[in-house]
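Hello,

Here is the structure I said I would pass on. Please open it first, then read the notes below it.

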Amino acid sequence: MAVRLFEGSDHAEAYLKFRVAPQELIGIIMSFMEKRTRNFHLAVDVGCGSGQGTTLLAPFFTEVVGTDVSPAQLQLAPTDGGPSNVSYRQCPAEELPFECEEVDLVTAMTAAHWFDHRRFLHEAYRVLRPGGCLALLSYTMDMELEYGDVSKTLNDICKEFYAALFPYRNPHIGSNSVEIYAGMFHSCPYPDKEWNECLRVRRHVPLSGFIAMVETFSSYRSLKETDPAEAAQLSSRLRNKLLAVMKTSSPDAEVIMIVKYFYWLARKP
Ligand SMILES: C[S@@+](CC[C@H](N)C(=O)[O-])C[C@H]1O[C@@H](n2cnc3c(N)ncnc32)[C@H](O)[C@@H]1O
């Protein structure tokens with residue numbers, strides 16, 4: 001069964017502003033493809049949200065289509081002013097509006113855990129041409145921070161925050177998203193496939209950007225819906241504790257945020 005979240009326009013806006021676009025992963029996907037195919041006509045980014053990852057595919061393909069079930073997310077995708085070969089369609093991941101064997105690359109970036117996994121894999125298989133590739137990527141919630149010589153203390157504070165959100169994880173994604181992707185990887189019948197459990201991506205961000213980013217987590221949104229005051233307190237406790245350890249009062253102080261991606265890539269025979 002698929003799950004519908006990310007439907008609120010405020011969530012979509014925060015998502016666009018604060019989530020990390022996975023440039024490094026696009027390089028890895030393209031190098032996997034370049035070793036295996038000469039077809040770069042059509043890429044489809046499923047669960048594309050506001051198109052942050054979708055647009056990164058534009059330089060490599062004749063046409064890129066982002067698909068998402070959420071109109072609020074798609075409304076923020078850059079149709080004017082974005083790359084001219086990128087377009088967007090509203091549809092579920094399990095029913096893609098493409099012909100059989102029409103697509104060269106299917107991606108899902110931080111999205112496949114929300115889909116009906118079995119139906120999505122069937123659909124990806126249907127639309128991919130022989131030799132076409134499937135790339136699924138996501139990251140774990142336990143992002144880390146680096147700041148001077150207090151990184152360990154900051155990360156202990158972050159761990160407390162993540163633990164407080166844990167009970168609010170949506171049951172569809174269970175306690176560990178890596179396991180979901182590993183399960184999908186093992187059930188994918190393509191013999192030519194690769195799994196990578198941890199690629200650390202570093203970004204310089206203001207502390208306020210890190211906090212705004214963790215506030216886009218679905219578990220934080222779920223707590224916010226259940227108990228808005230508790231969610232606000234949790235977030236402000238996180239900010240104040242981090243600032244105290246960093247010995248600054250400025251939420252603009254720059255930290256290094258480390259996002260731990262995992263991904264798998266496969267080539268349809
Ligand atoms: C966490 S966001 C990721 C968005 C984007 N790929 C990114 O990396 O920024 C997950 C997206 O998956 C979409 N989604 C969830 N379930 C879906 C489904 N069954 N079919 C299509 N899109 C879905 C949501 O609407 C949301 O935009």
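**What was found**

E101 sits in the loop that joins β3 (86-90) and β4 (103-109). Please keep in mind that this is a predicted model. The phi angle of E101 is near 55°, which is a positive value in a residue other than glycine. E101 has 14 C-beta neighbours inside 10 Å, so it counts as partly exposed.

T110 is not a glycine, yet its phi is positive, at about 55°.

**The chain as a whole**

The protein chain has nine helices and eight strands. Its C-alpha trace spans about 55 × 40 × 35 Å along the principal axes. A compact globule of 269 residues would have a radius of gyration near 18 Å, and the 19 Å of the protein chain therefore agrees with that. Buried residues make up 36% of the 269 residues. Among contacts in the protein chain with a separation of 6 or more, 77% join residues 24 or more positions apart.

**The cores**

The largest nonpolar core holds 49 residues, and V44, V106, A135 and L136 touch the most other members. Strand β5 (residues 128-139) gives the most to this core, with seven residues. What is V44 in contact with, leaving aside its neighbours within four places in sequence? The partners of V44 are V65, T67, L96, F98, V103, V106 and V127. Another core, of 17 residues, lies apart from this one, and F161, V214, Y220 and L238 are among its members.

**Two helix pairs**

Two packed helices are described by the angle between their axes and the distance between the axes.

Take α5 and α9 to begin with. Helix α5 (residues 151-165) packs with helix α9 (residues 228-246) at an angle of about 175°, and their axes are 9 Å apart. The two are therefore roughly antiparallel to each other, as angles over 145 degrees count that way. On the α5 side the contact is made by T153, L154, I157, F161 and A164, and on the α9 side by L234, L238, K241, L242 and V245. By class, these are eight nonpolar residues, one polar and one charged.

Helix α9 also packs with helix α8 (residues 218-226), here at an angle of about 135° and with the axes 5 Å apart. That angle makes α8 oblique to α9. Y220, L223 and K224 of α8 make the contact with P228, E230 and A231 of α9. Four of the residues in this contact are nonpolar, none are polar and two are charged.

V205 lies in strand β7 (residues 192-206). V205 and V255 are 50 residues apart along the chain, while their C-alpha atoms are separated by 5.6 Å. Leaving aside neighbours within four places in sequence, V205 is in contact with F210, V255 and M257.

Regards

Key. Residues are numbered from 1 along each chain as its sequence is written. This is a predicted model: local features need pLDDT of at least 70, side-chain atom pairs count only at pLDDT 80 or more; totals for chains, interfaces and linings use all residues. A nonpolar core is a set of buried Ala, Val, Leu, Ile, Met, Phe, Trp, Tyr and Cys residues joined through C-beta atoms within 7 Å. A residue is buried if 20 or more other C-beta atoms lie within 10 Å of its own, exposed if 12 or fewer, and partly exposed in between; C-beta atoms are placed from the backbone. Helices (H or I, at least four residues) and strands (E, at least two) are DSSP runs, numbered from the N terminus. Two residues are in contact if their C-beta atoms, placed from the backbone, lie within 7 Å. The radius of gyration is taken over C-alpha atoms; the globule rule is 2.2 Å times the number of residues to the power 0.38. Axes are lines fitted to C-alpha atoms, for helices over the stretch in contact, and angles run from 0 to 180 degrees between N-to-C directions. Angles under 35 degrees count as roughly parallel, over 145 as roughly antiparallel, 65 to 115 as roughly perpendicular and the rest as oblique. Ala, Val, Leu, Ile, Met, Phe, Trp, Tyr, Cys and Pro count as nonpolar, Asp, Glu, Lys and Arg as charged, and the others, Gly among them, as polar.
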